[in-house]
Amino acid sequence: MAKQLAYRGPFLLLFAVGQQLRALLSRALADAPLSPDEFAVYSVLFGIGPATPTRLAADLGMPASTLSHYLRRMGERDHLDRWPNPDDGRSSLVDLTAAGRAVTDACFAGFGAAITEFRRHLPMAEDDLLKALELTSGALQAVDHDAVRRSARAKDPP
């Protein structure tokens, strides 16, 4: 089987896009109270309101263990409320406090400027880009789901 070169392949391009986005948002949020990664977590919670950590992790495309790190830091800063989920006693709901909403809101100007500049240079309809990114995300989720299923089957006794 011939080796697949990573150069110019979809994974390298996705990596490069991630680096470019990180650089853009780092500049845009340089004077903001949150880092770009923190702002991503805060802004999703800002937008969806109270949510389970599982839902929040899924929306962000990150493992629950990574999200728990963010939630712990948010709690230490008094930016997060947490209470038992009335629909499921095994889980909790989380939401931003007033202070958490205030620091999130303080980031929107820089973030909005970055989006405006990005859109100015985007050579296609934004909806088309969103569709392609949703398909890409779906494919990556399917690969992850398949890997989890294979791992579970490998652990089952014969």
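**Entry 1: terms and model**

I count a residue as exposed when its relative accessible area is over 50%, and as buried when that area is under 20%. With that cut-off in hand I looked up Arg 90, which at 79% relative accessibility counts as exposed. I note for everything below that I am reading a predicted model.

**Entry 2: the salt bridge of Arg 90**

I next looked for the partner of Arg 90 and found a salt bridge with Asp 88, in which the closest N and O atoms lie 3.3 Å apart. Asp 88 has a relative accessible area of 24%, so I put it down as partly exposed. The structure holds 9 salt bridges, and I followed up some of them.

**Entry 3: Glu 38 and Arg 77**

Which parts of the chain does the pair Glu 38 and Arg 77 link? I find a salt bridge between their side chains, at 2.7 Å from N to O. The pair links distant parts of the chain, since Glu 38 sits in helix 2 while Arg 77 belongs to the loop between helix 4 (64-76) and strand 1 (80-85), 39 residues apart. Glu 38 is buried because its relative accessible area is 10%, whereas Arg 77, at 29%, counts as partly exposed.

**Entry 4: a pair within helix 7**

I then turned to helix 7 (residues 126-155), where Arg 149 and Asp 146 both lie, 3 residues apart, which is about one turn of the helix. Their side chains meet in a salt bridge of 3.3 Å, N to O. I record Arg 149 as partly exposed, with a relative accessible area of 40%, and Asp 146 as partly exposed as well, at 31%. Looking back at Glu 38, I see that salt bridges with shared partners join Glu 38, Arg 73 and Arg 77 into one network.

**Entry 5: helix 2 against helix 5**

I looked up how helix 2 (residues 36-48) packs with helix 5 (residues 98-105), and read an angle of about 115° with the axes 10 Å apart. Helix 2 passes helix 5 in a left-handed crossing. From helix 2 the contact is made by Phe 39, Tyr 42, Ser 43 and Phe 46, and from helix 5 by Gly 100, Arg 101, Val 103 and Thr 104. By class I note 4 nonpolar, 3 polar and 1 charged residues in this contact.

**Entry 6: Asp 95**

Is Asp 95 buried or exposed? Its relative accessibility is 12%, so I count Asp 95 as buried. Asp 95 lies in strand 2 (residues 88-96), and, leaving aside residues up to four places away in sequence, I find that it touches several others, among them Leu 45, His 79, Trp 83 and Arg 101.

Note on methods: Residues numbered from 1 in each chain as written. Predicted model: local features only at pLDDT ≥ 70, side-chain atom pairs only at ≥ 80, totals over all residues. Heavy atoms only, no water. Helix = DSSP H or I, 4+ residues; strand = E, 2+ residues; numbered from the N terminus. Buried < 20%, exposed > 50% of the residue type's maximum accessible area, 1.4 Å probe, protein only. Contact = heavy atoms within 4.5 Å. Axes fitted to C-alpha atoms, helices over the stretch in contact; angles between N-to-C directions. Left-handed = near helix turned anticlockwise from the far one by under 90°. Nonpolar A, V, L, I, M, F, W, Y, C, P; charged D, E, K, R; others polar. Salt bridge = Lys/Arg side-chain N within 4 Å of Asp/Glu carboxyl O.
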